[in-house]
Amino acid sequence: MKATPLSNCERRFLLRAVQEKKRLDGRQCYDYRNIRVSFGADRGCCMVELGRTRVLAQVSCELVPPKPSRPTEGVLFFNLELSPMAAPGLEPGRQSELLVSLNRLLERCLRDSKCIDTESLCVVAGEKVWQIRLDMHLLNHDGNITDAASIAGIVALCHFRRPDVSVQGEEVTVYTPEERDPVPLSIHHMPICVSFAFFHQGTYLLVDPTEREERVMDGLLVIAMNKHHEICTIQSSGVVMLLQDQILRCSKITAVKVAEITELIQKALENDQKARKEGGKFGFAESIPNQRITAFKMESAAVDTNDVEEQAGEIIAKADPPSEVFANPVLHTPGTAQIGEGIESSWGDLEESEKEEVAEDEGESEAAAFECEKVKTEDTSTVRETKSDEPIVLSDSEEEEVVILEPQELPRKTRTQTSSKQENPSKKVFNKKRRKKRTSR
Amino acid sequence: MAAERGTEAEALVGQVVLPGDLLLLPAHYDEDAEGERLRLSAGAAPQGRLLCGPGLRRSGAGLLVTKCGLLRHRPGGGGAYWVDSQQKRYVPVKGDHVIGIVTAKAGDVFRLDVGGSEPASLSYLAFEGATKRNRPNVQVGDLIYGQFVVANKDMEPEMVCIDSSGKSSGMGIIGQDGFLFKVSLGLIRKLLAPKCEIIQELSQLYPFELVLGMNGRIWVKAKTVQQTLIIVNILEACEYMTAEQRKQALAKLSGN
């Protein structure tokens, strides 16, 4: 099937919205969508949901003869598949440009960065080595396949266990999982891709573009980095020419994002490990809720603003007047300013006790959901101010218990409040609403 | 297939039916007299013919269900039965008003993508006041609101932007600004129902223009980008929100 064409009015609207720093789902320019990581019952099987984009990854291994040029190294094989299930415009089998570029980027990110120790995969030099095969399938395409696939790939590799092997002279024994516990792969670091979309010849930049935004963007910059701030891969495509300071700024943003995502991945892996060890239930049947007929659910807004005015009024009346502050905003980029240095976070004491309690409760849950401040409902008008330490939600229950992390010493970005309060509804009486109705005969 | 006896249609109105269910109709609806039985029953046969709506198919003794969903009935004018089902993929139906995206101009016709399996064709003369000399100003990528005159599974669908008397009655090229997005077909039908609460409540918020296409496409235009985005998000969320949640959300917005 052919993909739905993009109409002129959509394109114009999206570009205008980008100019006004508005995104379709109410995120800020540097915000990621909700990331959910869930594991299957098999080792090495995981599914990552980045907003509505879903990627399923599965790792498997096999004993094969090594490459003649590298007799002591294991073999890595990566494969990402796109199918019409993900989007109508993707046809099976055909080697489209998109598929080739995605595969190549993921290979560079995972293979060339040497995140997996291939020497440890050697069993008998020159004769038998492990071949690790990572297969990824795109289940739904809502933009930013690269990031979702890179997270899925590295999580699956960390989750995977290969059979234990012992060599005695000429004899090689491969133990079944019942005889000896399978062994994890030796992974040095976790490279994660972060995508930046550029609009209006590089003037505007969005992190984690959705499918609509990808269609109207001028160019795309992908930076793969690990949490030690080492850049593993960097790739720029499209018709945009980037300046040096833009790329440097992007790499700083990448460092922040990668740190957050790595935390989330670690938590998810730990939770799954705990669940398996304690004999609790694990697998997709547990982590994916199945009560609904509709395929996608919306995350509900947990804000109850009844009586907020009265409460706010009381608080303000009782509070001390603020001290005199002379604001000297430091302008980082258009739209991002920093006022003051920020003070030391005083959440330190509460953190320890709260974290342990919450970790106990949520030990069984599989998915660690990364909740950005965005609310995926109508509240696009209210202001969201991001702090550099974002809460990570461990369970997808409705209570949404929040764990506050240690503050990180990364450049704080205090965003000026984008005054997106909408104007009062027009006082004009007439309602300019033209509704096209089907005239019944 | 015909071995099992069906159930009375009236008994299942408002309940979930599955494909393969056979619905029996009251005997006096049978047009073709099977036996030589003459019906001299009390009460005349109802006026008009029974309408067999989407999701149902006429089969022998009664109606065969072909889609899963809720069975609905309308008693007026001979009566109508249909199945209320939910889907996202649109199948062109004659008489439906849809929003199409122009993909190509080929000589005298425009090719429009309507979300079906084939692109629809629209002749340039099918606009109000269009003549061979006076062609409508349509570019590739424009949005057009029109209705189907030919839509069946054997032929490519054809659209027009005028009604049978030659007037446009609201159809034609949709303006340049605004935003187009897609929702499920069930939500569109809900929004098009007379006295739809959602539209009424939204109109209390801000003035906006709205075009609803039966193929799941909605075009919205409000004064600012922000307002347009709010309306888009509310309409998309209406699919999953209960009436209570929606009222709360709108109250929050109008209170701000």
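## Basis of the description

A residue is called buried when its relative accessible area is under 20%, exposed when over 50% and partly exposed in between, with a 1.4 Å probe and protein chains only. Helices (H or I, at least four residues) and strands (E, at least two) are DSSP runs numbered from the N terminus.

This is a predicted model, in which local features need pLDDT of at least 70 and side-chain atom pairs count only at pLDDT 80 or more, while totals for chains, interfaces and linings use all residues. Residues are numbered from 1 along each chain as its sequence is written, chains are lettered from A and ligands numbered from 1 in the order in which they are written, and side-chain values use heavy atoms, with hydrogens and water left out.

## Strand β13 of chain A

Strand β13(A), residues 219–225, has seven of its seven residues buried, so the rest of the structure largely encloses this strand. Gly219(A), Leu221(A), Ile223(A) and Met225(A) point one way, Leu220(A), Val222(A) and Ala224(A) the other.

Pairing of two strands requires at least two DSSP bridges between them. Strand β11(A) (residues 192–199) runs antiparallel to β13(A) and is joined to it by seven bridges; Phe196(A) has Leu221(A) as its bridge partner. Strand β14(A) (residues 231–238) also pairs with β13(A) in the antiparallel sense, over seven bridges, and here Ala224(A) is partnered by Thr233(A). β13(A) and β14(A) form a hairpin with five residues between them, and His229(A) in the turn has a positive phi of about 65°.

## Helix packing in chain A

Helices α2(A) (residues 97–112) and α3(A) (residues 145–159) pack at about 40°, with axes 10 Å apart; axes are lines fitted to C-alpha atoms over the stretch in contact, and angles run from 0 to 180 degrees between N-to-C directions. The two helices are therefore oblique to each other, the class left after roughly parallel (under 35 degrees), roughly antiparallel (over 145) and roughly perpendicular (65 to 115).

Contact, meaning heavy atoms within 4.5 Å, involves Leu102(A), Leu105(A), Leu106(A) and Leu110(A) of α2(A) with Ile145(A), Thr146(A), Ala149(A), Ser150(A) and Ile154(A) of α3(A).

## Sheet and loop in chain B

Four strands of chain B form an open, mixed sheet in the order β2-β7-β8-β4. β2 (16–17) and β4 (51–52) stand at the edges with a single partner strand each, so one side of each lacks a neighbour in the sheet. Two bridges join β2(B) to the antiparallel β7(B) (residues 69–74), where Gly69(B) is the bridge partner of Val17(B).

Ser85(B) lies in the loop between β8 (80–84) and β9 (97–106) of chain B and, at 15% relative accessibility, counts as buried. Beyond its neighbours within four places in sequence, Ser85(B) is in contact with Lys67(B), Cys68(B), Gly69(B) and Arg189(B).
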